[in-house]
Amino acid sequence: MSIQTRIDAASPSLSPALHRIAEEIRRDPALVTRLSITELARRCETSVASVVRFCRAVGATGYAELRISLAAEIGRESAQFSQRTGFGSEIGVDDTLPEIAATMASLEVLAIEETIAGLDFAILSAVVDAIDTADRILLFGIGASHFTAADLGHKLLRVGRNALVLSDAHEAVSAAVLSSPRTVAIGFSHLGTTVETLRFIETAKAAGATTVGVTSAQDSRFAQTVEHALFTAVREPAFRAGAMVSRIAQLAVVDCLFLGVAQRRYDDTVDALRRTHAATRGLR
């Protein structure tokens, strides 16, 4: 995972002082290459010691390593994505629509690449096994994560799997409490802080279901509660109403899960897709 993505993922769980540092760097990643550690601390209204703690919190040994990592990353990604101000810059008030589109495309491509590169394929395989042998698959997320859950549910239903996309917290917990050991409960929560999704997972786990979480927050209670955690890697822009980049990363994980499950029964999958396509042809 790149240093900018690690900063983005860590930001919500940091202390107020460290969070201010993260937000300044997220707004302008090149800032670190221009300022000394003392200047950055002053700009963020904190201490040099806090900057050092921030560096360690995002996986750097100190400020020198943070500067080198960011400088190399910005240069590499600017060349890759040909952005005018260096990769990582936020959408600005004066940006044109083509510039906004280029920024979003860059962030989404990077989210997919980093998410796939960071996947634990042993865990992914275990989840595919669990879904393949499940009697019932429960899928739940709130807000934008609900649409990701619905996408996986739609795909699984098209190949004959018993997948239920749960529409609200009461329905989710009610379904979860009736779980059996052959139930798989999958929760989607980008930041891992959604209370309703955590409750759904805790209830399903207590009832004996296999639990799976898709999230970017590796240190969250949500990630620690599920039996199998699949992590996304995301740099979400400030303009993120309803999520944008995080949804793309979740959908990449969903497609990996679906293709893994579909491949287990290849001939049956092809037949199911052919039949469902034929049955729905011409419908509006």
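What follows is a chat about a predicted model and the cut-offs behind its labels.

Modeller: Ground rules: residues are numbered from 1 along each chain as its sequence is written, and side-chain values use heavy atoms, with hydrogens and water left out. Since this is a predicted model, local features need pLDDT of at least 70 and side-chain atom pairs count only at pLDDT 80 or more, while totals for chains, interfaces and linings use all residues.

Colleague: OK, what makes T5 buried or exposed?

Modeller: Buried means under 20% relative accessible area, exposed over 50%, and partly exposed in between (1.4 Å probe, protein chains only). T5 has 1%, so T5 is called buried.

Colleague: And how do you know which side chains T5 makes a polar contact with?

Modeller: A polar contact needs a pair of N or O atoms within 3.5 Å; within protein, one must be able to donate a hydrogen and the other to accept it, and residues adjacent in sequence count only if both atoms are side-chain atoms. The T5 side chain pairs with that of S2 at 2.9 Å and with that of E114 at 2.5 Å, so both pass the distance cut-off.

Colleague: Why is E45 called exposed?

Modeller: Its relative accessible area is 67%, so E45 clears the exposed cut-off. E45 sits in the loop between α4 (37-43) and α5 (48-57), helices being DSSP runs of H or I with at least four residues, strands runs of E with at least two, numbered from the N terminus. Phi of E45 is near 55°, positive in a residue other than glycine. Most residues other than glycine have a negative phi.

Colleague: What makes T193 buried or exposed?

Modeller: At 59% relative accessibility, T193 counts as exposed. T193 is in the loop between β3 (183-188) and α11 (195-206).

Colleague: How do you know what span to expect for α14?

Modeller: The expected span is 1.5 Å times one less than the number of residues. For α14 (residues 266-280), with 15 residues, that is 21 Å, and the helix reaches 21 Å from its first C-alpha to its last. Just after α14, G282 takes a positive phi of about 90°.

Colleague: Which residues of the largest pocket's lining are closest to its centre?

Modeller: The largest pocket holds about 400 Å³ of space. Of the 17 residues lining it, A9, A10, S13, Q218 and D219 are the closest to the centre. Helix α1 (residues 3-10) gives the most to that lining, with 3 residues.

How values were computed:
1 Å grid on protein atoms, 1.4 Å probe; cavity = no way out; pocket = protein on both sides within 12 Å on 5 of 7 lines; lining within 4 Å. Points joined across faces, edges and corners; volume = space filled by probe spheres on them.
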